[in-house]
Amino acid sequence: MTTYRKSHASVLRSAPGEYEPCVLEVEDPRPGEIMVRMVAVGLCHSDDHITTGDFPVEMLPMCGGHEGAGVVEKVGEGTTQFDIGDHVVLTFLPACGRCLWCSRGMQQLCDAGAYALTGSRFDDPTSYRMRLDGQPCGQQLGLSAFSEYTTVSVQSAYKVPKDLPLNRLCLLGCAMGTGWGTAVNAAGVKPGHTVIVMGLGGVGAAAVQGAAHAGAANILVVDPVAYKREVAPVFGATEVFATMDEAAERARSYTNGQGADSTMITVGRMEPDNLSEAVESIRKGGTVAMTSMGAFQPEKVSLDLSMVTLMQKTIKGVIYGNWSPFEAVPSMLSLYAGGQLKTDEMVTRTYALDDIAQGYRDMKQGRNIRSIVEFG
């Protein structure tokens with residue numbers, strides 16, 4: 001007989017809409033699954049994209065949240081990788097370990113990710129781990145960390161040391177790994193480089209840190225919000241600007257008129273002009289690392305295609321910093337333990353579970369770098 005546990009949570013019932021408090025029922029773990037008691041979850045812009053309808057999901061209501069960390073509460077029958085009491089970071093990109101991409105060490109492109117927005121179990125589109133009012137409730141990216149308890153696949157969790165704070169390690173599940181990897185992996189930042197980071201939210205702040213760690217000489221941050229420009233130097237920015245025109249001109253002044261070695265797009269919502277400006281800002285052989293997301297629909301972008309060809313410019317799509325979460329999390333853990341990640345500075349506000357909608361309103365008004373929910 002299937003058994004469930006009641007859990008306070010925050011769900012989206014319609015899109016457009018806002019996350020609303022509720023009480024869910026969470027199914028006990030099956031083989032290959034664990035139930036996690038959540039400790040903290042970050043408020044990532046990706047979850048807000050669902051509320052606006054930019055990310056069309058297949059199941060509503062849906063419980064959001066994918067940047068989470070917690071403690072293993074139950075372990076499914078025959079599941080040997082985890083024990084009750086283990087601390088885990090949830091990874092929003094599952095890794096099946098068997099598909100073509102996993103076999104190539106590119107778990108961020110695992111085929112299981114194709115089911116991330118269905119709300120169901122990845123291996124059974126008719127099976128849901130959560131119920132609301134007796135009916136199936138979608139599970140965001142197979143995680144739904146906006147719930148006191150959640151049941152997830154072992155493909156989506158990574159065990160972490162118990163002596164490190166989960167209310168900071170939760171950032172490794174998305175913002176930190178995504179931003180750091182954008183700079184180090186996707187943009188290929190090298191010592192002496194001049195780089196531009198467009199947008200200073202959680203991912204942008206991590207990208208700045210990654211660029212600084214990689215040895216960039218000039219890290220130019222662009223953000224229209226004055227508060228974010230004020231705090232950008234804390235993460236390693238060498239200069240700040242309100243517009244891309246200003247930043248691009250400064251980058252050219254450092255590179256004999258050539259432009260930035262790379263520009264990273266980490267704005268909250270991707271618009272066509274962001275890409276046009278980024279491509280215009282880079283030098284010959286430069287790279288645009290496109291991490292931000294917009295609407296899931298065709299967009300018209302204005303580019304000088306001949307110049308892209310003749311100047312050998314690269315436009316690179318980025319998912320989770322273009323590295324496997326099962327490589328990224330232990331790498332980030334080492335950096336965190338060594339005091340090289342400014343996670344405390346990234347967390348600018350903490351909310352209660354029932355206040356997630358307000359958290360996203362504050363995010364859109366530029367009040368936060370990264371905000372989190374801590375569970376009581």
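Accessible areas come from the Shrake-Rupley method with a 1.4 Å probe. On this basis, the chain of this predicted model exposes about 15,100 Å². Carbon and sulfur atoms supply 49% of that area.

The chain contains 12 helices and 18 strands. Its radius of gyration is 20 Å, close to the 21 Å that the globule rule gives for 376 residues, so the chain is as compact as a globular protein of that length. Along the principal axes, the C-alpha atoms fill a box of roughly 70 × 40 × 40 Å. Of the 376 residues, 57% are buried.

Charged side chains were considered next. The chain has 31 positive and 41 negative side chains. The centres of the two sets lie 2 Å apart.

Five of the strands close into a barrel. Their order is β1-β2-β7-β8-β4, and the pairing is mixed. Strand β1 covers residues 4–12, and strand β4 covers residues 62–63. The two strands run antiparallel and are joined by two bridges. Val-11 has Cys-63 of β4 as its bridge partner.

Among the helices, α8 was examined in detail. Helix α8 spans residues 272–281. Seven of its 10 residues are buried, so the helix is largely enclosed by the rest of the structure. The buried positions are Pro-272, Asn-274, Leu-275, Ser-276, Ala-278, Val-279 and Ser-281.

Ser-276 gives a residue-level view of helix α8. The relative accessibility of Ser-276 is 17%. Buried means under 20% relative accessible area, and Ser-276 therefore counts as buried. With residues up to four places away in sequence not counted, Ser-276 touches Val-301, Ser-302 and Leu-303.

Notes:
Residues are numbered from 1 along each chain as its sequence is written. This is a predicted model: local features need pLDDT of at least 70, side-chain atom pairs count only at pLDDT 80 or more; totals for chains, interfaces and linings use all residues. Side-chain values use heavy atoms; hydrogens and water are left out. Helices (H or I, at least four residues) and strands (E, at least two) are DSSP runs, numbered from the N terminus. The radius of gyration is taken over C-alpha atoms; the globule rule is 2.2 Å times the number of residues to the power 0.38. Buried means under 20% relative accessible area, exposed over 50%, partly exposed in between (1.4 Å probe, protein chains only). Lys and Arg count as positive and Asp and Glu as negative; His and the chain ends are not counted. The place of a charge is taken as NZ of Lys, CZ of Arg, CG of Asp or CD of Glu. Two strands pair if DSSP finds at least two bridges between them. Contact means heavy atoms within 4.5 Å.
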